[in-house]
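Please keep the structure in view while reading.

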Amino acid sequence: MSLDGRTGATAAGGASSGGAAPLLVGEHLGKRYRLPRQHLFAAAPEVQALDDVSFTLAAGRSLGIVGESGSGKSTLARLVMALEAPSTGRVLLEGTDLQALDAAALRAERAKLQMVFQDPYGSLDPRRTVLQTVSEPLAVLHGAAAAERRERAVEVLEAVGLRASDLGKYPHEFSGGQRQRIAIARALITRPRLIVADEPVSALDVSVQAQVLNLMQDLQERFGLAYLFISHDLAVVDLVCDEVLVLEQGRVVERGDPDRLFRAPEHPYTQRLLAAAPQR
């Protein structure tokens, strides 16, 4: 396997060992959206989706983002991925402000951060083979030749527990768990430093969830990946994350180690989330 392994760092929320800068920093992030006008002469109303959200994430660590629907979790993911610009604040990847980059420089930085989505079937094009799907980021971001794309696709498929013989198949030929493995392989192929995982197991059966989460933890240890793990499932975040941010209506109301936060929550909103969570 030629995928580069990397050494993990200290706990999320602080700088890595040796005084090095954190991998990812969010500084006072805010995001406002303008809503449609109620009538022709009215001012367009705005909604504040995020309000003064700050965090750090060290290389090789996992930061969980939890909250109810509408709390700002997915908005935060879009800002981190530079799919949208923050209204206030900035996102730094290895010290680089992503919004300050021109299109070519941002494209180069995108190889360092990839995303895994909630629905493994919806995120895969049913008309494209596994080879086409998994290798596409190499073609788009690096302009890699066909032979290199195939070689790297085999590497990442094997890393997620699939076979080279699966390259010519289509998404409908796989189970839900296997499709999510394909999505993870696609994220891995650029050898990223960070993977943003937006509800990556919520669409899977409980037994399959455990398999995918174990895989993600194995890949993190093997390749030194950092995860920004977005989920409404507190048990999942408790299992895989080193630190947790709790969002309510776009603001951070509590943060900390999951062992402490989920067993002795201090904020009433966190207490309500825990009380509403299904017991397993």
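What volume does the second largest pocket have? In this model, which is predicted, the second largest pocket has a volume of about 330 Å³.

- The lining is made up of 13 residues, of which Met81, Gln114, Met115, Phe117 and Pro137 are the closest to the centre of the pocket.
- Strand S6 (113-116), helix H3 (130-142) and helix H5 (176-188) are the elements that give two or more residues to this lining, and the largest share, four residues, comes from H3.
- Sorted by class, the lining of the second largest pocket holds nine nonpolar residues, one polar residue and three charged residues.

**The second largest cavity**
- The residues that line the second largest cavity are Ser62, Leu213, Met216, Gln217, Gln220, Tyr227, Phe229 and Val240.
- Both H6 and strand S8 (226-230) supply at least two residues of this lining, with H6 giving the most, four residues.
- By class, five residues of the lining of the second largest cavity are nonpolar and three are polar, while no charged residues take part.

**The nonpolar cores**
- The largest nonpolar core has 47 residues, and those with the most contacts inside it are Val134, Val160, Ile184, Leu188, Leu219 and Phe229.
- Helix H6 (residues 206-223) gives the most to this core, contributing seven residues.
- Once neighbours within four places in sequence are set aside, Leu219 is in contact with Ala159, Val160, Ile184, Leu188, Gly224, Leu225 and Tyr227.

**Thr75**
- Thr75 has its place in helix H1 (residues 73-80).
- Thr75 counts as buried because its relative accessible area is 7%, and the cut-off for that class is under 20%.
- Leaving out residues up to four places away in sequence, Thr75 touches Lys31, Tyr33, Ala49 and Leu50.

Definitions and conventions. Residues numbered from 1 in each chain as written. Predicted model: local features only at pLDDT ≥ 70, side-chain atom pairs only at ≥ 80, totals over all residues. Heavy atoms only, no water. Core = buried A, V, L, I, M, F, W, Y, C linked by side-chain atoms within 4.5 Å. Buried < 20%, exposed > 50% of the residue type's maximum accessible area, 1.4 Å probe, protein only. Contact = heavy atoms within 4.5 Å. 1 Å grid on protein atoms, 1.4 Å probe; cavity = no way out; pocket = protein on both sides within 12 Å on 5 of 7 lines; lining within 4 Å. Points joined across faces, edges and corners; volume = space filled by probe spheres on them. Nonpolar A, V, L, I, M, F, W, Y, C, P; charged D, E, K, R; others polar.
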